[in-house]
Amino acid sequence: MSEDLDLIYGRHPVLAALENERQLNRIWILPQLRYDSRFHSLLSQAKANGSVIEEVEARRLSQITEGANHQGIAAQISPYSYKDLGELIAEAKSKTDNPVIVVCDGITDPHNLGAIIRTAEALGAQGLVIPQRRAVGLTSTVMKVASGALETFPIARVVNLGRALEELKEAGFWIYGTTAETGKMLHTIDLTGSIVLVIGSEDDGLSLRTQHCCDVLISIPLQGKTPSLNASVAA
């Protein structure tokens, strides 16, 4: 599916976008869902704000979403507005004395990134940082898996991850990198204060350069025979 479409689909992502008054250029919806109590008034408001509402059959929605699980609704949205890193840091520190920012080092699977975003937002993290290169951006699949979390969860996209980590350090954050084997056990770490949690890529984990930027490397103790956790599960 092309990222250029800026498409979201599924009831939770579209409902969250409507509730947060996100600019939706066009909405495709099954006729029976349009008058659902959860959507009807919000769709009327979106139409008043300029959105085109188009009732379509399920086959048309499947074509638009290229066979994805659309749950009867899809929408074309304006591109996601990434936060400036400095702005994200300032907002995080203004919200709490113990802010948590998650950093992804080379996550390439959109399902993993979406799950990380959803989990981080649900657990109260203040934001997320992703690299611009060699990593997935905010695709339609990411938005679907995040299940509406992107409407309220700020994300910064940076050119140089190492420089971003240095900027976070200068702002008073302690950088914890996750690793499968060589880190200190998670339960032995005092995770208080301003924290950055860095999650490595699905295949290679944290790059050596990123590891050198971390203050502490931590591991999750595993009791079973599985050698490591999926990136989104570890988050």
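Trainee: Let's start with Glu21. Is that residue buried or exposed?
Mentor: Exposed: Glu21 has a relative accessible area of 66%. Keep in mind that we're looking at a predicted model.

Trainee: Where in the chain is Glu21 found?
Mentor: In the loop between H1 and S2. Glu21 follows helix H1, and its phi is positive, near 55°.

Trainee: Why does a positive phi get a mention?
Mentor: Most residues other than glycine have a negative phi. Glu21 isn't a glycine, yet its phi is about 55°.

Trainee: OK, zooming out. How many helices and strands does the chain have?
Mentor: Ten helices and eleven strands. The chain has 235 residues, and 46% of them are buried.

Trainee: How much accessible surface does the chain have?
Mentor: About 12,100 Å², with 46% of that belonging to carbon and sulfur atoms.

Trainee: And what share of the contacts join residues at least 24 apart?
Mentor: Counting contacts between residues at least 6 apart in sequence, 77% join residues at least 24 apart.

Trainee: Switching to charges. How many salt bridges are there?
Mentor: The count comes to seven. One of them pairs Arg34 with Glu55, with the closest N and O atoms 3.3 Å apart.

Trainee: Which parts does that pair tie together?
Mentor: Arg34 is in helix H2 (residues 31-34) and Glu55 is in strand S3 (residues 52-55), so the pair ties together parts that are 21 residues apart in sequence.

Trainee: Are those two buried or exposed?
Mentor: Arg34 counts as buried, at 17% relative accessibility. Glu55 is partly exposed, with a relative accessible area of 36%.

Trainee: What does Arg38 meet in a salt bridge?
Mentor: Asp36, at 3.0 Å from N to O. Arg38 counts as partly exposed, at 41% relative accessibility.

Trainee: And what's the partner of Lys169?
Mentor: Asp215, in a salt bridge of 3.7 Å, N to O. This pair links distant parts of the chain, 46 residues apart: Lys169 sits in helix H8, and Asp215 in the loop between helix H9 (208-213) and strand S11 (216-219). Lys169 is partly exposed at 25% relative accessibility, and Asp215 is partly exposed too, with a relative accessible area of 31%.

Trainee: Which residues are joined into a network?
Mentor: Lys83, Glu87 and Glu91, through salt bridges that share partners.

Trainee: Last one. Which residues gather in the patch of negative charge on the surface?
Mentor: Asp84, Glu166, Glu167 and Glu170. Glu166 belongs to helix H8 (residues 161-170).

Trainee: How accessible is Glu166?
Mentor: Glu166 is partly exposed, with a relative accessible area of 35%. A residue needs over 30% to be part of a patch, so Glu166 at 35% passes that cut-off.

Key
Residues are numbered from 1 along each chain as its sequence is written. This is a predicted model: local features need pLDDT of at least 70, side-chain atom pairs count only at pLDDT 80 or more; totals for chains, interfaces and linings use all residues. Side-chain values use heavy atoms; hydrogens and water are left out. Helices (H or I, at least four residues) and strands (E, at least two) are DSSP runs, numbered from the N terminus. Buried means under 20% relative accessible area, exposed over 50%, partly exposed in between (1.4 Å probe, protein chains only). Contact means heavy atoms within 4.5 Å. Accessible areas come from the Shrake-Rupley method with a 1.4 Å probe; for residues, only the protein chains shown count as cover. Patches are made of residues with over 30% relative accessible area and no salt bridge: like charges are joined within 9 Å, nonpolar side chains (Val, Leu, Ile, Met, Phe, Trp, Tyr) within 5 Å. A salt bridge is a side-chain nitrogen of Lys or Arg within 4 Å of a carboxyl oxygen of Asp or Glu. Lys and Arg count as positive and Asp and Glu as negative; His and the chain ends are not counted. The place of a charge is taken as NZ of Lys, CZ of Arg, CG of Asp or CD of Glu.
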